[in-house]
Amino acid sequence: MTSAQLESLMFSTMLLGVFLLIGMFIRAKVSIFRRLLIPASIIGGAVGLILGPSVLGKTGINLIPQDWVNIWALEPGILILPLFASLPLCNFKDNNDQKISAMPKRKLYSVLLTGFVKGPTFALQMFFGVGVALLIQGFFPNLFFYPGFGCEMPHGFNGSHSLAGVLGGVLRDGGRDYWEIAQGVGLCYATIGLLGGIMLGIFFINRAIKNGKTQIVTEKTAFSDNVTYGYIRRVSEQGNLGRETTESSNANTVSIHLALVLIVSFMGYSLRAYFKYMKFGFLSDLPAYIWSIIIGYVVNYAMNKLRLGWLFDKKAKSIITGVCTDYIILSAMASINIDLIASYMVPILIISAVGFVVTYFMTIVAFNFFMPGNYAFERAIANWGTNTGFAATQLALLNIVDPNFKSPVLEELNLGGIIFNLKDIIFVPLYLKYTVSGEPYALLMVAAIEIVIMYSVCFVIRALDLKEQKKEDLAAK
């Protein structure tokens, strides 16, 4: 890299920081953005898109060099490596933590059902996203979809703008020349999912309260000012960024955590490069971030055994995760090539509508079927939030119907997430392999297998839970 290229990287990234601050200001001043909980990174990225070559540049006013936009398009695929590498790290066990195996049976079944009911939603979105795209292509062959079109919907809905940006990086690494289009299409799905998810989520909440489906809140409420404005002015209400585990005169705490994340990222990248060099087929097809996640679990296990919880802190690590997420969204949004994705807008809207319907049945309806009377709606609306937007959307929607998280829902969502992560280790590599190779029917097959397995387990656990409930009822008599 030359000094000129390094300067372009530095200055273009600095400009993204300016857009982030502009996004914060706009959200604070425009009420509709506050009501819809649009993150500053999305607003700022949209500002960058408007000021860039794709919009303002069409008028002949070139404020942002095309080279900078090209850099932004590449950043999501790079920043995803430390983002995912950091996820397994600093998750240390406390001696007071309740082990899943030691839970009462009803509690254990509740945790397992929470994880398994949530589990197949991505697969169902994949199945219907790719399936509807194939149907549209069958009726309108001249639309010329690229291979695997439709798989962007579950990425955009489930992982929002960050995972949509990652999809482009995975396709680029796989040598697919349509990666930039797929990244832009994924970002469209992410924006539609986020906006529609918030609006429909609030509608579902108000309807559930009216019909007596909620177990804690019995009347309509609203988001707090801290949530809607996106910042906390009262110093007394502000949290902390984590424990300072090192003396600043020696090394900054964030620097130590960043070093750990980068080491795991490098190990994942190196392992993938080795598999690629050795031509190990399927192993070399997996992106580096998958290997970084796997290595991260191994490193975290080793640190836990070595009792290094005093040196590494989950909150301090989350600073790195948050920064990566914000800049992935900023760079992905600001680099959308509108001309490339314009011809796909009608199919995107059709598939998005199908996605909302599928997600409704797999969250609101499914939780009510499998877990009636056990905070079914609270669990459903939380999963609706994550399956159409961010984790922050999940917390915001859940907090309306479960203020201060008094119910066991959030705890069991986190415990059930272990199941979600374990099945992802098996299925995500398959989805990525067939996405990169452009095999839509293989994607349908993998999604169908996951759906059948996950729901089969749900029915078994539900039967066991009902059996245990009958025992408790008999004992109470």
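## Salt bridges in the model

A salt bridge is a side-chain nitrogen of Lys or Arg within 4 Å of a carboxyl oxygen of Asp or Glu. Side chains of opposite charge can pair when their charged atoms come close. The structure holds eight salt bridges.

This is a predicted model, in which local features need pLDDT of at least 70 and side-chain atom pairs count only at pLDDT 80 or more, while totals for chains, interfaces and linings use all residues. Residues are numbered from 1 along each chain as its sequence is written, and side-chain values use heavy atoms, with hydrogens and water left out.

## Two partners of Glu 412

Lys 107 and Glu 412 join through their side chains in a salt bridge of 3.0 Å, N to O. Lys 107 belongs to helix α5 (residues 105-118) and Glu 412 to helix α18 (residues 409-437), so this pair ties together parts 305 residues apart in sequence. Helices here are DSSP runs (H or I, at least four residues), numbered from the N terminus.

Glu 412 also forms a salt bridge with Arg 379, with the closest N and O atoms 2.8 Å apart. Arg 379 lies in helix α16 (residues 376-388), so its pairing with Glu 412 in helix α18 ties together parts 33 residues apart in sequence.

Asp 465 and Arg 462 form a salt bridge, their closest N and O atoms being 3.5 Å apart. Both residues lie in helix α19 (residues 440-476), three residues apart, or about one turn of the helix, and both are buried. A network of salt bridges links Arg 462 and Asp 465 with Arg 106 and Glu 472.

Technical notes
Helices (H or I, at least four residues) and strands (E, at least two) are DSSP runs, numbered from the N terminus. Buried means under 20% relative accessible area, exposed over 50%, partly exposed in between (1.4 Å probe, protein chains only).
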